[in-house]
Every structure is written in structure tokens, then in C-alpha cells.
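Dear colleague,

Please find below the structure that I am handing over to you. My notes on it follow directly after.

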Amino acid sequence: MPMQRANFPKSLEAGLNAVWMSNERNFPEEWPRIFERKKSNKAVEEQVLRAGLGAGQIKSEGATIAEDMGGESWTQRYLNITVALMFSLTQEALEDNLYMDLGRQYMIDLQRAMKETKEIMAANVFNNAFSTSYPIGDGAALLSTSHPLWGGGTSSNKLATPADFSESALEDLLIQIRNCVDDRNLPTPINPKQLVVGNSNYFQAIRILRSMQRVGTTDNDINAIKSVGIFGNDPVVLRRLTDTDAWFVQTDASMGLQYFQRIALQKGGQEDFKTGNWEQKARERWSIGCTNWRALFGSEGA
């Protein structure tokens, strides 16, 4: 249904001091700091895990060399969704408004709305990370203590005992990252990349990452996380995290958090011949998610 003059009664009268919108300013986009941007030319993108060989085995004199094999394991699928929105304004609403160009103003707001959808969907990768209702390709939650390994056994990318964000909890998670293994249960060289927190943990994260000494103690111990230089930047803040206790460490593991762009943002407007209404729409196609669980470690908080 088009927006009519009844939607803007005050804007039809002279004498208003100002007309303003509460969303005139936008935060910088958060998701590009976390997700790797890739192109897509298909409806669905698939990434399959290929397991390598295990460790070499000792061969006795005269004995046959042990044989090993790799193979393909599970697949992660990215379904490119369509995100679209439109608005329309009657010809009379456009003609009689005295204070702003309604078409231009709501076109700006339409772009903001499209960006907001992407921010929400990106944050939901983290919001749903601990839930088995949103499994990744291996059948486990993105953050789980029981990711199945191709060579047998399981591995974990979350604290076994959930803990609120603190210096000691962060150190425990960083140790877990150092102990991470590949699908043949061999050590895999991944490194912490950045800390991801919500608004409630932001200031504590700044204290921990910037302080030269340990935070909140009377000891003269150094802050090992700062001294070693594990993180090269301040934490990334996801304002749309719904669990205020949850916190995460993103690593440099390959095939991790990814965004596939199928169709870039398309915008268009036209006047409806029969009604004179002005119609404006925006549309794009993309998918977002994570393939390699080793790209993200975390805790849902105590």
C-alpha cells in the first residue's frame, strides 16, 4: 500500500520548526571486518572437506610400507537468498509535502534497511553458533565440543565449561586454539586473528587487550596476551549479538566465515502509469555462514 498524505499530516502544513528521522546516522558496517567476501555465480555454493594423510609410521626392516588414504568428508552448502524491499508514495504526498523530498529520503532509508538485513544475518551466525538447530556441514553446531573428525574421534572449538569473558577465560581459549588438530588428529597451525564481542564486553575487552599488566590484580605480572602481541587490533564489536555473555575469537583458518555475493544491490524506481504513484525497490542476492569450524572459537558465557 502506498504511503499517502495521511502518513505525513504535519508535513502538509507550514510552520514546523524541523523534520527529522531517528535513523539519519548509521554505524559503520560490522560484518565486512569478520566475513571474507567472495563472488558467486550459482544458486548454491558448496565446499567439501578433503581429509589428508595421517602421520608416517615406523617401518621394520624387510616389512611392507604402511599405506594410508585420504578422501572427501562432509559438505557445507551456501544457499543464495534474495533480499528485497520496496516502498511507494502517492503523487499527492510527493506534491504537497513542504519540508523534504520524500522520494529521496526514503530511498536513503531503503538502502539502510537493506544493510541492516545483512548485519542481522551476519550477527545470527554468531547468535546461533551454539545451537544444534543450526548445524554446519559436519552436523554439529558451529561452536561445539564434539566436532567429528574424518580420521575418528572428535574435537572442540568452545570452552568445555562455559565462562564469562575474562583474562583467564581468554587465555584458556587461546590455549585451546594452540591445541587444535586437523581431521587426522594432527596439530594444525592456526592463529588467533581477532576478538569478537558484544557491547556488554567491549570495555573489559579493551582493558585486557591494551593493558601492559594483568587486569584487576595487585600482582606485577605482565599481561601475556598484550606482551606476546596475539591481537593486532581492538576487538570487533557486533552490536546485534543477542546473548550479552557470548564472546568469540576468530582465527586465520581457511574456508571460515564467508559471504558470497550472487547479485549486488540493485535499485530502481518508476512512476505507475495508472495511479501516478512513485515506486522504488531494492534487491540483492547473497549467502553468509561458516564452513571450517576452526575459524571460530568461543564461549556462550557462564
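How many bridges join strand S7 to strand S9? Five bridges do so, linking residues 192–197 with residues 247–251, and the two strands run antiparallel. Within this pair, Gln-194 has Gln-250 of S9 as its bridge partner. Strands here are DSSP runs of E with at least two residues, helices are runs of H or I with at least four, and both are numbered from the N terminus; two strands pair if DSSP finds at least two bridges between them.

The model is predicted: local features need pLDDT of at least 70, side-chain atom pairs count only at pLDDT 80 or more, and totals for chains, interfaces and linings use all residues. Residues are numbered from 1 along each chain as its sequence is written, and side-chain values use heavy atoms, leaving out hydrogens and water.

Strands S7 and S9 belong to an open sheet of four strands with mixed pairing, in the order S8-S7-S9-S12. Its edge strands, S8 (236–237) and S12 (296–299), each pair on one side only.

Overall, the protein chain has five helices and twelve strands. Its radius of gyration, 26 Å, is well over the 19 Å that the globule rule gives for 302 residues, so the chain is more spread out than a compact globule. That radius is taken over C-alpha atoms, and the rule is 2.2 Å times the number of residues to the power 0.38. The C-alpha atoms fill a box of roughly 95 × 55 × 30 Å along the principal axes.

Yours sincerely
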